[in-house]
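Colleague: Could you walk me through this fold and tell me what stands behind each label?
Modeller: Gladly, ask away.

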Amino acid sequence: QVQLVESGGGLVQTGGSLRLSCRASSSRYAMGWFRQAPGKEHEFVATIRWHDGSTSYADAVKGRFTISRDTAKNTVYLQMNRLKPEDTGIYYCAAGSSRYTKWDLYSYRGQGTQVTVSS
């Protein structure tokens, strides 16, 4: 069983930045970040392969968000820059056996942290 705890969400103005953290009780092959806006499905944001740091991003965040990991701390980060109102939502981290882009394929999921971007 892997426990995931997210932190770092908050309220920020358009164009601002936030850094989310996800601390894992143990490492897994891949970690991902997803977000969910009210009334919508979970949307893939980014994923990282634990052993070599290989990453992939959704087109909507490419060039603005950066996923990284600290293997010594079992922590994954999501640096979010140039935030837009459409980035608003609950952000979740997930751990699984591959760099999936679908929420349902991850075995372990955190409780989420709210990100609100005001216009």
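Colleague: In what order do the strands of the open sheet run, and how are they paired?
Modeller: This is a predicted model. In it, 4 strands make an open sheet in the order E1-E3-E8-E7, with antiparallel pairing.

Colleague: What makes a strand an edge strand here?
Modeller: Pairing on one side only, as strand E1 (4-7) and strand E7 (65-70) each do. On average, neighbouring strands of this sheet are turned by 15 degrees against each other, direction ignored.

Colleague: How do you know that E3 and E8 pair?
Modeller: Two strands pair if DSSP finds at least two bridges between them. E3 and strand E8 (residues 75-80) are joined by 6 bridges and run antiparallel, so they meet that rule. Within this pairing, Leu20 stands opposite Leu78 in E8.

Colleague: Why is the link between Cys22 and Cys93 called a disulfide?
Modeller: The cut-off is 2.5 Å between cysteine sulfur atoms. Those of Cys22 and Cys93 are 1.9 Å apart, so the pair qualifies. The structure holds 1 disulfide. Cys22 is in strand E3 (residues 18-24) and Cys93 in strand E9, 71 residues apart, so this is a link between distant parts of the chain. Both cysteines, Cys22 and Cys93, are buried.

Colleague: Now the rings. How many aromatic pairs are there?
Modeller: The count comes to 5 aromatic pairs. One of them is Phe34 with Trp103, at 5.3 Å centre to centre and 70 degrees between the planes.

Colleague: Why do you call Phe34 and Trp103 buried?
Modeller: Buried means under 20% relative accessible area. Phe34 has 0% and Trp103 has 11%, so both count as buried.

Colleague: Which geometry do Phe34 and Tyr106 show?
Modeller: Their ring centres are 5.4 Å apart and their planes are at 75 degrees, so this pair is edge-to-face. Tyr106 lies in the loop between E9 and E10, so the pair ties together parts 72 residues apart in sequence. At 1% relative accessibility, Tyr106 is buried.

Colleague: Which residues form the aromatic cluster?
Modeller: Phe34, Phe44, Tyr92, Tyr100, Trp103 and Tyr106 form one cluster.

Technical notes
Residues are numbered from 1 along each chain as its sequence is written. This is a predicted model: local features need pLDDT of at least 70, side-chain atom pairs count only at pLDDT 80 or more; totals for chains, interfaces and linings use all residues. Side-chain values use heavy atoms; hydrogens and water are left out. Rings of Phe, Tyr and Trp (its six-membered ring) pair if their centres lie within 6.5 Å; planes under 30 degrees apart count as stacked, over 60 as edge-to-face and the rest as tilted. Buried means under 20% relative accessible area, exposed over 50%, partly exposed in between (1.4 Å probe, protein chains only). Helices (H or I, at least four residues) and strands (E, at least two) are DSSP runs, numbered from the N terminus. Axes are lines fitted to C-alpha atoms, for helices over the stretch in contact, and angles run from 0 to 180 degrees between N-to-C directions.
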